[in-house]
Amino acid sequence: MNQQARTRDLRGSDATRLALIDAGERLYALHGVQGTNLLAIAREAGQANKYAVQYHFGDQQGLLHAILDSRAVWLEQERARRLAELAPESSLADLLGVVMLPVADLVDRDGKRAYARFLLQFMTQLEPWPYVR
């Protein structure tokens with residue numbers, strides 16, 4: 001799935017919202033969640049309003065959830081498709097591929113795997129699941 005597929009036919013507020021999601025994903029991937037501020041995300045998304053992220057998402061947590069939500073449907077559909085194609089005698093490595101490879105397939109407008117890097121930053125910096133160590 002590439003960036004052009006996500007931005008087709010969007011206008012106005014929806015286009016701004018997606019631009020902020022993509023900018024957040026990209027900057028969080030590059031600089032980490034703690035190393036990226038909301039103003040930088042607004043500027044990266046081409047927004048003159050320095051409060052654009054707060055307007056659309058409320059706060060950083062809202063943006064983080066929007067980034068995750070923006071990819072969830074496609075990821076789950078792709079995983080279901082791959083799982084349906086697995087043979088009953090498939091290996092554990094094949095099953096892990098069903099789960100992990102769709103994340104690697106997601107590329108941004110520059111052909112980089114920003115979402116995979118974003119997930120790594122999200123999981124290591126915020127530790128959203130404290131019972132996973």
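In this predicted model, Arg81 forms a salt bridge with Glu85, and the closest N and O atoms of the two are 2.8 Å apart. Both residues lie in helix α5, 4 residues apart, a spacing of about one turn of the helix. Glu85 counts as exposed, because its relative accessibility is 57%, where over 50% is required, whereas Arg81 is partly exposed at 38%.

Arg81 also meets the side chain of Glu78 in a salt bridge, with an N to O distance of 2.5 Å. Here the separation is 3 residues within helix α5 (residues 60-85), so that Arg81 and Glu78 are again about one helical turn apart. Glu78 counts as buried, because its relative accessibility is 13%, which falls under the 20% limit.

A further salt bridge joins Arg82 and Asp105, whose closest N and O atoms are 2.2 Å apart. This pair links distant parts of the chain, since Arg82 belongs to helix α5 and Asp105 to helix α6 (residues 92-105), 23 residues away. Arg82 is buried, with a relative accessible area of 17%, while Asp105 is partly exposed at 32%. Taken together, Glu78, Arg81, Arg82, Glu85 and Asp105 are linked in a network of salt bridges, and the count of salt bridges comes to 8.

Leaving aside residues up to four places away in sequence, Glu25 touches Ile67, Arg71, Ala114, Tyr115 and Phe118.

How values were computed:
Residues are numbered from 1 along each chain as its sequence is written. This is a predicted model: local features need pLDDT of at least 70, side-chain atom pairs count only at pLDDT 80 or more; totals for chains, interfaces and linings use all residues. Side-chain values use heavy atoms; hydrogens and water are left out. Contact means heavy atoms within 4.5 Å. A salt bridge is a side-chain nitrogen of Lys or Arg within 4 Å of a carboxyl oxygen of Asp or Glu. Helices (H or I, at least four residues) and strands (E, at least two) are DSSP runs, numbered from the N terminus. Buried means under 20% relative accessible area, exposed over 50%, partly exposed in between (1.4 Å probe, protein chains only).
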